[in-house]
Amino acid sequence: MALNTRLDHRNPLVFDTHELGRRPGALQRLPRTIDAPKDLGIQGVIGVPEGSPVELELRLESVMEGVLVTGTARAQAEGECVRCLEPLEQELEADFQEMFSYPDADDRGRPKAEPADDAEEDEDRLFLEDGLFDLEPVLRDAVVLALPMQPVCQEDCPGLCAQCGARLADDPDHHHDAVDIRWAALQGLAGSLEDGEKDEMSGAEAGVDEKQEK
């Protein structure tokens, strides 16, 4: 990953590691409650509503190559049941761990002789910038992994009726009389014949009436 640029310390998801002082073994614990950023979750499926509280518990540990961040995020996720389409809520708990490297050290904590030569190796690494790191991309990845791809309101949700769309959980006895398609055409033909017989009988009765009048 490219080097972070212009991190804003006022951003609630940007953290300062200066207190650790690049002393391997130094620890810092940071509890924090933030407002959820936009689109935190699986878009169109389930996620944490923007602005709702997210409780963070972070453990920052200084190591030779950077700062190891271990933490847990807790929040209330909202979505829609994939079976019955009813709104649902779910408690979210997402664990994560990420290394934020010093930009002037290699993966063994040694100063880099020529930093520019390691550009390809740095693509998948996250870096500290002036002692700051941005937790947002790590948080987003952790939340997506912790949420269900197909959320349901309850494990045994029966879903919707395939014929009329009724919610089956509201009416366990809901059903439709099955019609065998092999007989549907014959039933239609029988109906036509009955209608034809009725017409003939009506015509015959009309003829008798006319003769009687004469």
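This is a predicted model: local features need pLDDT of at least 70, side-chain atom pairs count only at pLDDT 80 or more; totals for chains, interfaces and linings use all residues.
The chain contains 2 helices and 9 strands. Read from the N terminus, the order of the elements is β-β-β-β-β-β-β-β-β-α-α. Of the 214 residues in the chain, 32% are buried. Among contacts with a separation of 6 or more, 63% are between residues 24 or more positions apart.

Strand 6 pairs with several other strands, including strand 4, strand 5 and strand 7. Strand 4 (residues 46–48) is antiparallel to strand 6 (residues 66–80), and 2 bridges link them. Here Gly-47 stands opposite Glu-78 of strand 6. Strand 5 (residues 53–63) also runs antiparallel to strand 6, with 9 bridges joining the two. These two strands make a hairpin that has 2 residues between them, and Val-63 has Gly-66 in strand 6 as its bridge partner. The pairing of strand 6 with strand 7 is antiparallel as well and extends over 15 bridges.

Two buried residues illustrate the surroundings of the strands. Ser-62 belongs to strand 5. Its relative accessibility is 1%, which is under the 20% limit, so Ser-62 counts as buried. Leaving aside residues up to four places away in sequence, Ser-62 touches Leu-20, Arg-22, Arg-23, Pro-24, Gly-25, Ala-26 and Tyr-102. Ala-94 lies in strand 7 (residues 87–101). With a relative accessible area of 1%, Ala-94 is likewise under the 20% limit and therefore buried. Beyond residues up to four places away in sequence, Ala-94 is in contact with Gly-71, Thr-72, Ala-73, Ala-142, Val-143 and Ala-146. Asp-141 is 47 residues from Ala-94 in sequence, while the C-alpha atoms of the two are 9.4 Å apart in space.

The largest nonpolar core comprises 38 residues, and Val-54, Leu-56 and Leu-135 have the most contacts inside it. At least two residues of this core come from each of strand 2 (27–35), strand 3 (40–42), strand 4, strand 5, strand 6, strand 7 and helix 1 (136–146). For Leu-135, the residues touched, not counting those up to four places away in sequence, are Leu-13, Phe-15, Leu-56, Leu-58, Val-69 and Phe-96.

Val-138, Leu-139, Ala-142 and Val-143 are the buried residues of helix 1. These residues lie on the same side of helix 1 because the arc they cover around the axis is only 130 degrees. An α-helix has 3.6 residues a turn, so residues three or four places apart point the same way. The cover over the buried residues of helix 1 includes strand 2, strand 3, strand 5, strand 6, strand 7 and strand 8 (126–127). On the face turned away from the buried side, helix 1 carries the exposed residues Asp-141 and Leu-145.

Definitions and conventions
Residues are numbered from 1 along each chain as its sequence is written. Side-chain values use heavy atoms; hydrogens and water are left out. Helices (H or I, at least four residues) and strands (E, at least two) are DSSP runs, numbered from the N terminus. Buried means under 20% relative accessible area, exposed over 50%, partly exposed in between (1.4 Å probe, protein chains only). Contact means heavy atoms within 4.5 Å. Two strands pair if DSSP finds at least two bridges between them. A nonpolar core is a set of buried Ala, Val, Leu, Ile, Met, Phe, Trp, Tyr and Cys residues joined through side-chain atoms within 4.5 Å. The arc is that of the directions from the helix axis to the C-beta atoms.
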